[in-house]
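Welcome, and please get your viewer ready. We will go from stop to stop, selecting a few residues each time.

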Amino acid sequence: MDYACDAPPVDRELVDFAVRLAGRAGQMSARGFFSEGWHGHLKEDGSEFTDIDVAVEELIRDELSLHVPDDGVFGEEGGATSGSSGRRWIIDPINGTKYFTHRVPLFSNDLAYEDEHGPAIGVINMPMRQQMIVAGRGLGCWVLPGPDPDLRTGHRARVTERTSLGGAWTLMHNPAGWPEELLSALHRRVLLVPSTGMIAALVTGRADAGIIAGPPMGYEDVAPMPVIVTEAGGRVTDLGGASVLEGDMSVLVTNGGLHDEFLQLVKGLPRSRDYRALLHGD
C-alpha cells in the first residue's frame with residue numbers, strides 16, 4: 001500500500017482525535033512505567049508483552065469503538081477486528097516493550113489510520129520524552145511538545161537537505177540482528193549510530209537516514225511511517241525499494257535526496273542473521 005501524495009487531505013478533526021487518543025495512551029503507559037504489580041509475558045514467537053501493553057490497547061480500542069464504530073482495527077496484542085467502513089486503525093500500544101520491561105524510557109505509543117486512499121494519519125508518541133510526532137495526509141508533519149500534546153502548540157517537522165551520501169548521519173535499529181555484509185557496506189560510506197527514536201530524529205533533522213534490518217518488523221511497527229516521513233519531505237521503503245507496508249518488513253528511511261544511493265549501496269546484501277544462536281554459543 002503506497003502513500004498517495006495526490007489523495008485528498010485527511011480530515012483535520014480526525015487528526016486531532018488521533019492526537020488526543022495517543023496522548024491518553026501515553027499517560028497510561030507512563031503511569032505503568034513507574035508502577036509495580038504488572039507482569040511481563042512471552043508470546044509464542046518469543047517476543048515480550050506486558051499487562052500494560054494489553055491495557056493501553058484496550059483503552060484505544062474502547063475509544064475507537066465509541067467514536068468510529070464502523071472502522072476496522074488491527075492491534076499488536078488483540079489482532080484484527082473487522083469494520084464496515086473500509087477504513088482501519090493500526091495500534092502498537094507500546095513500541096519497545098523490552099525497553100519498557102527493563103525500565104528504559106525509550107518506548108512509544110504508535111497509531112496509524114488508513115482510508116480508501118491508503119495511509120492517512122501517523123502518530124508516534126514518546127511519553128517519557130514528552131514529545132509526539134504526528135502527520136496527516138496533505139496537512140504536514142508536526143512535532144508536539146509537552147505532557148498534553150495539541151496541534152495548536154506544535155511546530156512543523158522537516159528532514160535535512162543533505163545530498164552527499166558520504167558521512168551521512170545514519171541511525172541503525174537492532175544491529176545485533178544485522179549480517180556482517182550489511183554492516184560493512186554501510187560502515188565504509190556513512191556514519192552509523194545507534195537509534196533512539198529513529199523516525200523522530202529523521203523528521204526533525206537530527207539524522208539523514210535510518211535503517212531497520214535483522215528480524216522483520218511487524219505491520220504495526222511500520223504503519224505510521226509512510227505519512228510521517230513523506231509529509232516531512234522524506235522517503236521510506238524497505239531495503240529493496242518496495243513499499244514499506246508491503247515489502248519484507250525491513251526499513252530504509254531517508255531525507256529523500258539520499259534514498260536511491262542508499263538502495264544501490266545495500267542492493268543484493270543479506271538483511272538478517274540468526275543472532276540468537278550466539279546466545280547459545282553456536
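**Stop one: the cysteines**

Select Cys141: at 0% relative accessibility, this residue counts as buried (under 20% relative accessible area, with exposed meaning over 50% and partly exposed in between, using a 1.4 Å probe and protein chains only). A word on what you are viewing: this is a predicted model, where local features need pLDDT of at least 70, side-chain atom pairs count only at pLDDT 80 or more, and totals for chains, interfaces and linings use all residues. Residues are numbered from 1 along each chain as its sequence is written, and side-chain values use heavy atoms, leaving out hydrogens and water.

The structure holds zero disulfides (pairs of cysteine sulfur atoms within 2.5 Å).

**Stop two: a helix pair**

Next, select helix α1 (residues 12–34) and helix α2 (residues 51–67), which pack at an angle of about 155° with their axes 10 Å apart. That makes α1 roughly antiparallel to α2 (an angle over 145 degrees, taken from 0 to 180 degrees between N-to-C directions, with axes fitted to C-alpha atoms over the stretch in contact). Helices here are DSSP runs of H or I, at least four residues, numbered from the N terminus.

Show side chains at the contact (heavy atoms within 4.5 Å): among them are Phe17, Leu21 and Met28 of α1 and Leu59, Ile60 and Leu64 of α2.

**Stop three: Phe100**

Finally, pick Phe100 in helix α3 (residues 97–101). Phe100 is buried, with a relative accessible area of 0%.

Conventions: Helix = DSSP H or I, 4+ residues; strand = E, 2+ residues; numbered from the N terminus. Parallel < 35°, antiparallel > 145°, perpendicular 65-115°, else oblique.
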